Amino acid sequence: MKEMPPGETTREYAYNMWMKAPMPMVTFFKTLDVSHLLRFSHRHNMRFNMLMCYCIGRAASQIKEFYTLPVGDKLIRYENLAINTIVANQQGEISSCDIPFSETLNTFNVDYLRLTRQVATSCKDHDLSENSMVIGTSALVQFDIDGAVGMYSGIFNNPFMIWGRYRKTLFRTTLTVSFQFHHTQMDGAHAARFLDLLQKEVSTIRLA
């Protein structure tokens, strides 16, 4: 990772406007059609949540703003992305697990299964934040929710996604997601494009 002077980035105006704002986070909601993703999950015996995380990484990797994050009062440029997932551990509590993003689905799946199993057993978080820009996720799959707005701690500025249980109808399956981002990192147009790309990735995922 590398510190970037704001004046040498496209985010200088946003840095000046939003870095000191008391509430610099913005949240978008979108309902995704996940019919293809669910069928793919069943056909290839892959976890739906893993596939969602993979598609999030695929979509984010196509938008350069995801690679620069406000950390403290600095802008930090990263070369890599990671996806965070919350894991139920063997003590009945939860732990945090960062999975390095890979363009190859099978590689990401192997890392996801290995690292979530390791975190669940050890009850110790797996943190990649020093080497990767981490996108947080929280999947409340046992609950039917319409959306959620993440908490802004003033410490972590990472983008964050939340979703609940998907909804099945006669012809399609949908999933409502919330996406929270720091306005210094990206503008609304970047976030909206990310969500459009996420829908595309969810609808076209394949093994190759």
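This is a predicted model: local features need pLDDT of at least 70, side-chain atom pairs count only at pLDDT 80 or more; totals for chains, interfaces and linings use all residues.

Reply: Residues are numbered from 1 along each chain as its sequence is written, and side-chain values use heavy atoms, without hydrogens and water.

Me: How far apart are the end C-alpha atoms of helix α3?

Reply: Helices are DSSP runs of H or I with at least four residues, numbered from the N terminus. The expected span is 1.5 Å times one less than the number of residues. For the 13 residues of α3 (residues 48-60) this should give 18 Å, and the distance between the end C-alpha atoms agrees: 18 Å.

Me: How many residues of α3 are buried?

Reply: Buried means under 20% relative accessible area, with a 1.4 Å probe and protein chains only. Among those buried in α3 are F48, Y54 and A60. Of the 13 residues, the buried ones number twelve.

Me: Are the rings of Y54 and F108 stacked, edge-to-face or tilted?

Reply: Rings of Phe, Tyr and Trp (its six-membered ring) pair if their centres lie within 6.5 Å; planes under 30 degrees apart are stacked, over 60 edge-to-face, the rest tilted. Y54 is buried at 5% relative accessible area, and F108, in helix α4 (residues 105-122), is buried at 0%. The ring centres are 5.9 Å apart and the planes at 50°, so the pair is tilted.

Terms used:
Helices (H or I, at least four residues) and strands (E, at least two) are DSSP runs, numbered from the N terminus. Buried means under 20% relative accessible area, exposed over 50%, partly exposed in between (1.4 Å probe, protein chains only).
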